[in-house]
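Me: I would like to learn how to read the features of a model like this one, step by step. Could you take me through it, giving the general idea before each case?

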Amino acid sequence: MNQTLQKLRELAQESVLSAEDSLVRKQEVFASCAELAAPLIHAFNDVEKEFVRISVMRQIWPYDYDRRDDRVSGLLVNLVGPSEAPIGLKLAVPHGFVQFEVSLRPGSPPVFTCVRDTHGQRPLAMDFPNAEAWLEFFYKSIADLIEL
């Protein structure tokens with residue numbers, strides 16, 4: 001085999017190994033994020049069967065609120081990340097959405113983010129210094145939506 005073909009095969013092999021390495025690292029990051037987001041998901045599961053205030057439902061769905069699910073679970077737009085290991089969640093709220101998510105960047109601590117997306121305006125992103133503050137904000141957000 002000539003040197004050019006040998007070099008091309010080595011490069012191709014390195015590329016395959018690099019792609020596999022990247023996939024493994026990505027899965028490890030998702031697993032770490034899912035572990036950090038677990039208290040949030042658990043807190044949501046604890047309140048998902050609670051009733052949403054009618055006034056809140058009217059603001060979210062003004063034309064068909066009476067045909068919507070009136071439980072907190074009906075506010076869930078989607079889970080962020082893989083369904084088997086979510087790293088956050090997105091909820092419908094009056095005039096838009098709110099998304100809670102955990103992300104990891106190499107060499108830095110985890111980032112606990114909440115993004116409030118209001119229809120017609122620029123999204124407002126808030127980063128929290130730790131999981132406790134982030135979870136506390138989630139509790140306050142949910143408390144404004146449900147019948148207590």
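The dialogue below goes from the overall fold to ring pairs, charges and a pocket.

Reply: Keep in mind from the start that this is a predicted model.

Me: How many aromatic pairs does the structure hold, and how should I read one of them?

Reply: For a ring pair, one looks at the distance between the centres and at the angle between the planes. The structure holds 6 aromatic pairs, and one of them joins Phe 112 and Trp 134, with 5.2 Å from centre to centre and 45 degrees between the planes, which makes the pair tilted. Because Phe 112 belongs to strand β4 (residues 111-118) and Trp 134 to helix α3 (residues 131-143), this pair ties together parts that are 22 residues apart in sequence. Both Phe 112 and Trp 134 are buried.

Me: What is the geometry of the pair formed by Phe 128 and Phe 137, and is each ring buried or partly exposed?

Reply: The pair of Phe 128 and Phe 137 is also tilted, with centres 5.4 Å apart and planes at 35 degrees. Burial is judged from relative accessible area, and the cut-off that matters here is 20%, under which a residue counts as buried. Phe 128, with a relative accessible area of 15%, is therefore buried, whereas Phe 137, at 26%, is partly exposed.

Me: Which charged residues lie over the face of a ring?

Reply: Here one looks at the position of the charged side chain relative to the ring centre. Arg 71 lies over the face of Phe 51, at 3.9 Å from the ring centre, and Lys 90 lies over the face of Phe 97, at 4.7 Å from the ring centre.

Me: Which side chains meet in a salt bridge, and are they buried or partly exposed?

Reply: For a salt bridge, one reads the distance from nitrogen to oxygen and then the surroundings of each partner. The structure holds 1 salt bridge, in which the side chains of Asp 64 and Arg 68 meet at 3.3 Å, N to O. Asp 64 is partly exposed at 21% relative accessibility, and Arg 68 is partly exposed as well, with a relative accessible area of 36%.

Me: What volume does the largest pocket have, and which residues line the pocket?

Reply: Rolling a probe the size of a water molecule over the atoms shows where empty space is left. The largest pocket has a volume of about 170 Å³, and its lining consists of Val 93, Val 98, Arg 116, Met 126, Phe 137, Lys 140, Ser 141, Asp 144 and Leu 145. By class, the lining has 5 nonpolar, 1 polar and 3 charged residues, and the largest share, 3 residues, comes from α3.

Notes:
Residues are numbered from 1 along each chain as its sequence is written. This is a predicted model: local features need pLDDT of at least 70, side-chain atom pairs count only at pLDDT 80 or more; totals for chains, interfaces and linings use all residues. Side-chain values use heavy atoms; hydrogens and water are left out. Rings of Phe, Tyr and Trp (its six-membered ring) pair if their centres lie within 6.5 Å; planes under 30 degrees apart count as stacked, over 60 as edge-to-face and the rest as tilted. Helices (H or I, at least four residues) and strands (E, at least two) are DSSP runs, numbered from the N terminus. Buried means under 20% relative accessible area, exposed over 50%, partly exposed in between (1.4 Å probe, protein chains only). A charge sits over a ring if NZ of Lys or CZ of Arg is within 6 Å of the ring centre and within 35 degrees of the ring normal. On a 1 Å grid over the protein atoms alone, a cavity is a set of points where a 1.4 Å probe fits but cannot get out, and a pocket is an open set with protein on both sides within 12 Å along at least five of seven lines; lining residues have an atom within 4 Å of a point. Grid points are joined across faces, edges and corners, and a volume is the space filled by probe spheres set on the points. Ala, Val, Leu, Ile, Met, Phe, Trp, Tyr, Cys and Pro count as nonpolar, Asp, Glu, Lys and Arg as charged, and the others, Gly among them, as polar. A salt bridge is a side-chain nitrogen of Lys or Arg within 4 Å of a carboxyl oxygen of Asp or Glu.
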